[in-house]
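The structure comes next, followed by the description.

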Amino acid sequence: MVFDFHKKVNYTGSNKVCKKIFEEIPDLIFQFIITPDNYYVFPIVSSSISDIFELTFDDIETHSEKAIFNRILDKDKATFFESFIVAKKNLQRWDLEFRVSLPKKGERWLKISSKPEAESDGNVAFYGRISDITDIKNQELKLKISEARYQFALEASTEGVWDWDMRTNNVFYSSQSMKILDLESMDIFDSPERWDEIVHPDDLAKYYSDIHEHFENKIPFYENYHRVMTSSGKYKWILDRGKVIERDANGKPLRVIGTHTDISAQKEKELDLVKTMQLFREQNSRLLNFSHIVSHNLNTHAGNIKSILDFIDDENDADDKQTMLSHLRTVSNDLNKTIVNLTEIVAIQNDLDSYKVPLQLHFYINRTAEIVNLNDKKITVINEVSDEVLVNFNPAYLESVLLNFTTNALKYSHPSRFPIIKFSFSTQNNSSVLSITDNGLGLDLMKYGEQLFGMYKTFHNHEDAQGIGLYITKNQIEAMKGNITVESEMGVGTTFKIIFSD
């Protein structure tokens with residue numbers, strides 16, 4: 001049945017129904033036939049021809065295929081014609097997107113979908129439709145531009161993007177997220193356990209607490225600083241942000257998106273600043289302590305000397321004067337000792353010759369043991385430090401520090417057992433640590449911990465205790481950019497730990 005809609009005929013029955021249906025379809029419905037001598041006829045053309053090609057039925061009758069072909073954009077004519085020839089020759093579907101240039105609407109995108117059939121008389125008939133897809137193409141272009149911008153933003157950004165589908169328990173990690181972990185830069189889907197397993201153990205509790213607070217709608221978004229283990233075995237500081245973008249009817253999170261930002265450099269600067277501020281506080285505290293000691297001790301000695309001299313001036317008895325002179329000698333000796341101690345502390349703080357060289361720790365410990373064993377053979381010194389261990393330190397300071405800790409352990413040894421002093425070496429948090437453990441009297445750190453390294457602070461009633469040794473030792477270690485910690489138990493013993501800066 002042929003529906004020649006562009007001709008004025010009377011339609012009855014199904015002819016009328018088809019006509020009404022075709023008039024309601026915005027696409028151009030067509031049938032065209034190519035005869036063996038390449039003559040083109042259009043038995044069926046719907047009224048949408050006027051909207052799709054801005055052509056009339058008369059245009060089609062008069063100019064046939066040329067009227068349509070002339071509307072096709074020059075850039076697409078070759079492709080249009082070649083695809084048509086292939087479809088006709090092979091009797092395969094003809095699907096093509098192409099552009100036309102219309103007098104009123106300008107450039108438009110069209111799509112032809114057609115099926116060719118060979119007829120018994122040698123003709124080839126095409127049945128199909130042509131749709132205006134300009135709006136779809138514009139949306140595709142906008143989407144393509146948007147995706148390009150998004151991709152560029154991802155590639156240019158230092159932030160990694162993650163997208164967690166909690167229904168499937170899969171997480172998308174962007175290339176930058178993988179790059180942060182020193183892994184091959186590629187977008188992947190993985191389980192959320194990947195990140196959970198590499199978060200630093202010390203950061204896990206806060207990490208879980210923050211994200212669950214957001215899941216429970218207690219905070220508007222999730223934000224957490226934590227360390228993650230990279231493929232190289234080192235930790236990086238990460239700023240992790242996220243927000244739930246989809247929940248079920250009960251408020252349960254279904255999808256979360258977020259970002260990872262590598263803030264290691266910033267965190268290192270922050271930690272360096274904290275260390276610097278701590279150093280300034282310690283230096284300021286030492287300065288205040290030092291100035292107090294200087295003013296108090298020197299004034300005390302000066303006052304004693306003045307009092308004795310006043311007594312001498314007022315005293316007529318020769319024996320009494322001699323007694324006062326002996327007292328003056330004692331005060332003078334004490335003053336000299338105080339000045340020597342203060343001078344040594346100043347020298348440590350200002351010593352420009354406090355250079356560092358690699359020192360064999362095992363050798364220096366053995367030499368210290370030989371010195372303390374000269375006077376007492378009942379002392380046991382255990383040197384567990386390998387002779388391969390080297391530390392960067394000032395030789396004079398290392399001798400002083402080791403001797404001070406050793407003699408201190410002997411001075412405060414337990415009266416009911418022979419002294420045992422053990423030296424051991426370990427690596428903690430990439431730092432070299434020397435532990436010096438004794439079995440002496442021990443200290444009440446809850447009571448004396450903050451005063452332990454103070455100047456002229458003593459905690460046992462020992463006749464030789466002056467409270468200067470640990471103060472000087474701490475200053476020497478800190479002058480070498482090191483640190484010192486202490487663990488102690490009353491009646492059991494004490495362990496000092498020297499953390500070297502190298």
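In what order do the five strands of the open sheet lie? The order is β13-β15-β16-β18-β17, and the pairing is mixed; strands are DSSP runs of E of at least two residues, helices runs of H or I of at least four, both numbered from the N terminus. Two strands pair if DSSP finds at least two bridges between them. The model is predicted: local features need pLDDT of at least 70 and side-chain atom pairs pLDDT 80 or more, while totals for chains, interfaces and linings use all residues. Residues are numbered from 1 along each chain as its sequence is written, and side-chain values use heavy atoms, without hydrogens and water.

Strands β13 and β17 are the edges of the sheet, each pairing on one side only. β15 and β16 run antiparallel and are joined by eight bridges. S426 stands opposite V433 in β16.

| Strand | Residues |
|---|---|
| β13 | 380-383 |
| β15 | 420-428 |
| β16 | 431-438 |
| β17 | 483-489 |
| β18 | 493-499 |

Helix α13 (residues 395-411) packs on the sheet and touches β15, β16, β17 and β18; contact means heavy atoms within 4.5 Å.

Helix α5 (residues 74-90) has 17 residues, which at 1.5 Å a residue should span 24 Å; the end C-alpha atoms are 25 Å apart, which agrees. The expected span is 1.5 Å times one less than the number of residues. D76, K77, F80, F84 and A87 are the buried residues of α5 (under 20% relative accessible area; exposed is over 50%, with a 1.4 Å probe and protein chains only). Seen down the axis of α5, the buried residues fall within an arc of 115°, so they line one face of the helix; the arc is that of the directions from the helix axis to the C-beta atoms. The face turned away from the buried side carries the exposed K75, E82 and K89. L91 follows α5, with a positive phi near 50°.

Technical notes:
Axes fitted to C-alpha atoms, helices over the stretch in contact; angles between N-to-C directions.
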